[in-house]
Structures are given as C-alpha cells and as structure tokens.
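Subject: Structure handover

Hi,

Here is the structure for you to work with. My notes on what turned up follow below it.

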Amino acid sequence: MYKRTSYIAKIEKALQAVPIVVLIGARQVGKTSIMQSIDFQKKVVSLNGQDVETAALFDKPSTIENYLKVYLNEELDGSLLIDEFQYIDGISTLLKLLTDKNNQLKILCSGSSSLDILQKVEESLAGRARIIEVLSLSFEEYLQFSDPNLHQLYLSLNENTASSALTAPIEQLFAEFLIFGGLPRAALVKSYPEKIEILNDIYQTYLLKDIRNYIANEQVVGFNKLIQLLALQIGNLLNINKLSRESGLTYKTCENFLFLLEQMYIIKMISPFQGNQRKAITKMQKLYFCDTGLRNRLANNFNSISLRNDNGAIFENAVFLELWKHKSNSTQIQFFRTTDGTEVDFIYNNLFSLKAIECKYKIFQKPVRLLALENFCAENNIQEKYVINQNLNSKVTETHFLQGFLVEKLKEKLH
C-alpha cells in the first residue's frame with residue numbers, strides 16, 4: 001500500500017488536538033486507503049456507514065457504546081474508524097456524546113461530499129472535530145505511485161534545478177499527469193487505454209450516481225450539457241447567463257448545480273482579488289476542475305498535451321491544484337483581472353503576505369519581463385512573483401521562473 005504521508009501527518013497531528021477528525025473529498029480520491037494506512041498505536045474498530053447493520057449500531061448511544069466495549073475494550077481506549085459516516089442518521093450528536101463520555105476514544109471518519117458534513121460538524125461537533133480535505137494525488141504523490149525511483153530523484157530537486165536529460169523522465173510523467181490527472185486508481189496502471197477506462201468508470205459509476213440523487217429527472221439532460229460546458233471553461237470567468245442559455249437550464253438552477261458540483265469536489269471556483277485598480281473585476285469567479293483527468297474525460301479528449309489547443313488551460317488547472325493541495329486552511333487563492341483584459345492567474349494570500357503567480361505553458365530561452373505581472377505587484381506592494389512555465393528555472397530580481405512539475409517545491413516559501 002502506498003502511504004500518502006502528508007495526509008497521515010495531518011491526521012495524526014489533528015488527533016492530538018481534537019477527538020474527532022473528518023476526511024472529506026470526492027469519491028475515489030483515496031480516503032479509505034489513507035484511513036487504513038495509519039499506524040494506530042492502540043486497538044482499532046472499523047465500520048462502514050453504508051452498511052445497514054452499522055447504521056443500526058448508532059440508533060442510540062448505549063448501543064454503539066456497548067458494541068465498542070466488546071470489540072474495542074471496556075475503557076473505549078482506542079480508535080473508531082467510520083467510512084462514509086454521513087449515511088448514518090444523527091451521527092454527529094452520537095459522536096459528540098461518545099467522545100464527551102470517553103475521553104480516550106479517538107474517531108476518524110470519512111465522507112464523499114461536504115453537502116451535509118460541514119453543517120453537521122459545525123452544529124454538533126464544534127471544537128471537537130477537525131475537517132481535512134482529501135484531494136487527488138499531487139504530482140509528487142503521482143511519481144511515488146508511478147515510479148518510486150523517479151520519486152526519489154524528484155525529492156533531491158529544488159527550484160534551481162536546470163532542465164536536463166536527468167529530469168526529462170520526470171517531465172514526461174508530468175505531461176502524462178496533466179492528461180490523466182491524479183485519481184489513485186488511474187495512477188496505478190501504466191496503460192493509457194486502461195487509465196481512460198478507469199476514469200470513465202469513476203465518472204459513470206460514482207460521480208454521476210451521486211449527483212443524480214440531487215437532481216430531478218427532467219433536469220438530467222440540461223445538467224449533462226452544463227458539466228460538458230464547464231469542462232471547456234477551465235481557467236475562464238464563469239458567465240452564468242451564458243451557461244444558462246446554452247444548457248437550457250434556468251439561471252438559478254445553474255447556480256444550484258455549480259454549488260452542488262463544488263461541494264462534491266468535482267469543480268472549484270475561486271474569487272477575484274480587487275487590488276488597487278478601479279477596473280478590477282470583483283464579482284465573476286474562475287473555474288477549475290478538481291482533477292484534470294476527470295476534466296479530460298468530460299471534454300472527451302486524451303490527446304498528448306503538446307498537441308492540444310487547450311494545453312495552456314490544462315497546465316493552469318494543474319498548477320492551481322498543486323497550490324490548493326498544499327495550502328493551509330486559512331490561505332486564499334484568488335485571481336486578478338481587469339475589464340480591459342489585464343490578468344494575473346493566481347494571488348496566493350496566506351494572511352501574512354501576498355504572492356503573485358502567472359502560468360505560461362511555453363518554452364523560455366531566457367527570463368523575460370511580464371509587464372502586467374510587474375505592474376500589478378508594484379501597485380499592490382507584492383515582493384514575490386512567480387512565472388510557472390515548461391522549461392526554465394531561474395530568478396531575475398524578484399521574479400522566479402519555475403517549471404510546472406516543481407510547483408510543490410514552493411510549499412515552504414508559500415506558507
């Protein structure tokens with residue numbers, strides 16, 4: 001079993017502070033595997049919330065408490081793991097009562113949507129639970145799944161590493177990562193046709209099934225049109241009026257479906273940074289998919305990244321995901337755009353400082369000045385700026401040029 005050590009560390013740290021940790025994220029991102037890979041020092045009982053018999057154990061506090069006394073120990077000194085816990089009615093209140101009464105019990109839960117989970121945690125488990133988002137694989141994790149030897153090489157690289165024959169195999173896998181994304185099941189197979197089949201299975205079997213629990217039969221056709229339109233919108237401003245017209249759905253229904261898709265970790269929308277310019281766009285959001293492989297399945301295009309006219313958008317989406325996967329809960333990722341088209345792709349706000357990040361899917365022979373980026377940083381007193389690109393790792397004054405596959409190396413500087 002491949003261990004996703006960054007998540008394991010987050011969970012272990014959280015369980016030292018609170019009795020309950022909740023993992024949330026899309027289907028098939030590996031939440032169950034993460035739960036099973038933790039080395040608990042004490043005895044563990046594992047349950048699945050989708051099991052009818054498991055749900056019956058939570059009918060009242062005494063039932064689950066007596067069950068744990070038999071299968072854990074009399075003192076309830078150990079850990080309870082509950083997969084898909086959101087299917088159990090009244091689970092939040094019961095977990096509160098359990099942990100209040102048994103202070104040695106630690107509980108780790110997982111859920112595949114934040115639609116109901118966040119509200120349950122906020123209302124019943126405030127101060128007792130910590131929520132951790134689980135996303136698809138980062139590129140470093142993808143390397144670990146795909147080629148452990150290249151993963152070891154990657155760990156030795158830094159933002160000053162020059163592109164060379166040594167890094168070429170990693171760059172090739174990054175190109176693959178842009179097309180097939182980071183869902184673990186797809187990452188574990190080598191065959192491209194098999195990766196595509198797995199992505200199709202995940203979309204048809206898991207995501208569509210879950211989503212259709214929330215939409216009326218007469219809305220299915222419009223919803224399918226909407227999600228395919230969204231797949232062509234990555235990195236662009238969302239125009240809900242246009243989406244409404246082209247999908248045949250009402251404006252309000254489009255809004256509701258966007259909210260649903262975001263809560264189910266299929267898409268992610270980011271808000272604009274207003275800055276000091278009067279012409280800044282302040283209301284429209286930008287859209288990204290939570291996995292580029294799933295996005296390419298919806299766009300019905302798995303061609304090589306070098307042959308595509310949407311390669312810049314896919315590259316920007318992948319950079320966004322790398323930034324998102326390593327940010328803290330308090331960090332905001334925004335964008336800047338003016339009505340006359342001046343744009344900075346990402347503003348990374350960790351509450352202590354701002355950093356500006358521009359994505360350019362192109363090959364640079366040498367560092368160049370990007371006036372829009374420089375002017376924006378000057379007007380907003382931003383010292384650090386990054387140009388994420390295909391081939392160049394360099395620094396000129398305060399502008400860092402960095403290859404896309406090395407974005408993860410920035411995580412210490414961004415925090």
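Phe 335 sits in strand S8, residues 332-337. Strands here are DSSP E runs of at least two residues, helices are H or I runs of at least four, and both are numbered from the N terminus. Phe 335 is buried, at 0% relative accessibility. The cut-offs are under 20% relative accessible area for buried and over 50% for exposed, with partly exposed in between (1.4 Å probe, protein chains only). Leaving aside neighbours within four places in sequence, Phe 335 is in contact with Leu 237, Ile 270, Ser 271, Pro 272, Phe 273, Met 284, Gln 285, Lys 286, Val 344, Asp 345 and Ile 347. Contact means heavy atoms within 4.5 Å. Tyr 348 is 13 residues along the chain from Phe 335, and their C-alpha atoms are separated by 8.6 Å.

Some ground rules. This is a predicted model, where local features need pLDDT of at least 70, side-chain atom pairs count only at pLDDT 80 or more, and totals for chains, interfaces and linings use all residues. Residues are numbered from 1 along each chain as its sequence is written, and side-chain values use heavy atoms, with hydrogens and water left out.

Now the whole chain. The chain has 18 helices and 13 strands. Its radius of gyration is 23 Å, close to the 22 Å that the globule rule gives for 415 residues, so the chain is as compact as a globular protein of that length. The radius is taken over C-alpha atoms, and the rule is 2.2 Å times the number of residues to the power 0.38. Along the principal axes, the C-alpha trace spans about 70 × 50 × 45 Å. Of the 415 residues, 54% are buried. Take the contacts between residues at least 6 apart in sequence: 69% of them join residues at least 24 apart.

Next, the cores. In soluble globular proteins, nonpolar side chains tend to be buried together. A nonpolar core here is a set of buried Ala, Val, Leu, Ile, Met, Phe, Trp, Tyr and Cys residues joined through side-chain atoms within 4.5 Å. The largest has 126 residues, and Phe 58, Ile 82, Leu 95, Phe 139, Ile 266 and Phe 346 touch the most other members. Helix H16 (residues 311-325) gives the largest share of this core, eight residues. A second, separate core has 15 residues, among them Ala 356, Phe 364, Cys 377 and Ile 382.

What does Ile 266 touch, not counting residues up to four places away in sequence? The list is Leu 207, Ile 211, Ile 227, Leu 261, Phe 289, Cys 290 and Leu 294.

- Gln 28 lies between strand S1 (20-24) and helix H2 (31-37). Its phi is near 70°, a positive value in a residue other than glycine. Gln 28 is partly exposed, at 23% relative accessibility.
- Asn 300 lies between helix H15 (292-299) and H16. Its phi is also positive, about 55°, although Asn 300 is not a glycine. Asn 300 is exposed, with a relative accessible area of 68%.
- Thr 250 lies between helix H13 (240-247) and helix H14 (251-263). Thr 250 is partly exposed, at 47% relative accessibility. The C-alpha atoms of Thr 250 and Ile 240, ten residues apart along the chain, are separated by 9.5 Å.

Best wishes
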